[in-house]
Structures are given as structure tokens and as C-alpha cells.
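I opened my notebook for another look at a model.

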Amino acid sequence: MNPMSMDRDEPSSLLTFSTNHPLEQFVLLAKGAKGFACAELIKQVLEAPGVHVFGELLEMPNIKELETGPYAAHYRTLNLFAYGTYKEYLENKSDYLELTPVQCKKLQHLTIATLATQEKCIPYSVLLKELDIKNVRDLEDLIIEAIYADIIHGKLDQECKLVEVDVALGRDARLEDASGIADVLADWCNACEAVLNSVDHHIQRANHHKQKSLRHQQGIEQEILYIKKTLKTQAENEESASGGGTETHSAPKRNSGKGKSTRNSSKFWQKNTT
């Protein structure tokens with residue numbers, strides 16, 4: 001494999017959307033806009049760099065008023081950028097505004113973010129179809145732009161022809177998606193609880209083995225002390241026994257010397273008598 005890494009120096013930069021909040025200025029403008037002014041504001045926000053979430057703007061009363069009437073297409077287009085994909089736009093172009101090249105590219109980037117939430121390794125074939133791109137070179141250029149725009153973080157695997165996604169920008173969530181999100185979070189909580197229980201079980205086992213090992217070590221140390229004491233006692237007894245044996249053999253030597261002197265004296269007396 002020969003992956004082309006496109007990781008940024010600061011992976012946490014995806015979080016800057018919540019801190020810088022580039023949508024805020026449009027939300028403030030929407031409070032005093034009506035009708036045509038709101039419609040033009042939607043066009044501006046769809047092209048604005050760094051704006052990739054639109055839910056807060058959709059909740060503005062002045063924007064909601066565009067849902068019916070002459071600017072309904074503007075409202076539907078804003079909804080498309082908030083929740084939809086580029087494929088949806090291609091299938092129902094008459095329902096939306098005609099997008100500029102900049103808006104098309106932004107919607108394609110958002111589509112990549114949506115696909116990244118469904119699978120972490122996205123084949124080129126899926127991307128080519130979903131983004132309506134005809135060749136791999138243009139696709140890779142678009143993916144690289146999405147990476148540098150902080151839409152996704154990941155790398156291109158040109159040999160296997162897929163994109164490996166590490167993290168992707170979170171898109172707006174519909175109210176009807178809340179139950180599904182709650183289910184996912186509940187599953188995640190249950191999984192965390194299971195992991196914690198497993199960790200507790202392993203901790204208990206580890207503590208049990210530790211206590212068992214300590215008892216075994218203490219037994220060995222006591223056995224070593226006993227052996228040392230036994231060996232010391234044996235050495236002292238052997239040393240004592242060796243010292244007593246030397247004194248016992250010295251007496252016969254002295255007696256043996258006296259006996260020899262007596263025999264020599266007896267022989268001398270007999271010789272002189274004769």
C-alpha cells in the first residue's frame with residue numbers, strides 16, 4: 001500500500017468551528033432581514049468560506065417564513081446544504097436554486113463528510129458516483145481540498161483507491177433524527193459500561209493473583225531463612241565436633257612416648273646385670 005497522508009498539523013482544528021462560529025454573523029443579519037433580503041442572505045451563506053453548518057440559521061423565524069412563497073427554493077436549498085448531499089441535488093435540481101461552482105464544491109465537500117460518517121474507508125468508486133466526478137484525478141483534488149478545509153482528516157490510498165478517514169466534520173441533525181441519535185448514545189453508554197465491568201473484573205483477578213504471588217513469595221523467603229538457619233547450625237556442630245577430636249588424639253601420643261622410655265630403661269638394667 002502507498003497511502004498519501006494528508007493529516008494536518010493540528011487534528012483538533014475541527015473544533016474551531018464551535019469556537020469561531022463563522023455562522024454567527026449571518027444569524028445576526030437574519031434577525032433584521034425580511035423576504036428578498038433573507039433570500040440574498042441565504043445565497044451569501046452558501047458561498048461563505050468556513051460555514052458548513054446551517055441549523056441555527058434555519059431556526060431563525062425570518063428564515064422559516066421563506067418556506068412557502070416566492071423564495072421557497074432558497075429555503076429548500078439551505079435545507080439541502082444543512083442535511084442533504086450532492087446526489088440529492090442532481091436528482092431534484094428543479095427544487096433548488098442553480099448552484100454556483102463554489103456552492104457545488106461546498107456541497108460536494110459536505111457529501112464527503114456524510115459518507116465519512118457511514119464508513120471510514122470510502123472507495124473511490126462510491127465517491128465518483130456520489131459526487132458525479134468523471135476521473136480519479138479530479139476526485140483526489142476535491143478530497144485534498146476537503147482535507148485542507150477541515151471537512152475531514154485522513155489520507156488517500158492511491159493503490160487501493162480509497163480514502164481512509166480519521167475524523168469528519170459533524171453536520172446538522174434533523175429533529176426526527178434525535179431518537180436515532182439517542183439510540184446510538186445509549187448503545188455507546190452500554191458499551192462503556194460493559195468495558196468498565198470488564199476492567200473491574202480484570203482488576204479483581206489481578207489483585208487476586210498479586211496476593212497469591214505475595215503469599216508464595218513470603219513462603220519462599222521463610223523457607224530460605226529456615227535453610228540458612230539449618231546450614232548455620234550444622235556448620236557450628238561440625239566445627240565443634242572437629243575441635244573435640246583433636247584433644248582426644250593428643251593424649252595417646254604422650255602415653256606412647258612414656259611407654260617407649262620405660263622399655264628402654266628395662267633393657268638397660270638387664271644388660272648391666274648380666
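**Ground rules.** I am working with a predicted model, where local features need pLDDT of at least 70, side-chain atom pairs count only at pLDDT 80 or more, and totals for chains, interfaces and linings use all residues. I number residues from 1 along each chain as its sequence is written, and my side-chain values use heavy atoms, with hydrogens and water left out.

**Helix α3.** I found Cys38, Ala39, Leu41, Ile42, Val45 and Leu46 buried (under 20% relative accessible area; exposed is over 50%, partly exposed in between, with a 1.4 Å probe and protein chains only). Down the axis of α3 these buried residues fall within an arc of 160°, so they line one face; the arc is taken from the directions from helix axis to C-beta atoms. They pack against α2, α4, α5, α6 and α8.

What does His74 touch, not counting residues up to four places away in sequence? I got Ala39, Ile42, Lys43 and Leu97 (contact means heavy atoms within 4.5 Å). His74 sits in α6 and is buried at 10% relative accessibility.

Phe81 is also in α6, buried at 0%. Beyond four places in sequence, its contacts include Leu46, Phe54, Leu107 and Arg171.

**α9 against α10.** I looked up the angle between α9 (124-131) and α10 (136-148): about 85°, with the axes 11 Å apart. The two are therefore roughly perpendicular (65 to 115 degrees; under 35 is roughly parallel, over 145 roughly antiparallel, the rest oblique). Axes are lines fitted to C-alpha atoms, for helices over the stretch in contact, and angles run from 0 to 180 degrees between N-to-C directions. Tyr124 and Leu128 of α9 are among the contact residues, as are Val136 and Glu140 of α10.

**Positive phi.** Most residues other than glycine have a negative phi. I noted Asp132, near 55°, in the loop between α9 and α10 and partly exposed at 37%. Asp150, at about 65°, lies in the loop between α10 and β3 and is buried at 12%.

How values were computed
Helices (H or I, at least four residues) and strands (E, at least two) are DSSP runs, numbered from the N terminus.
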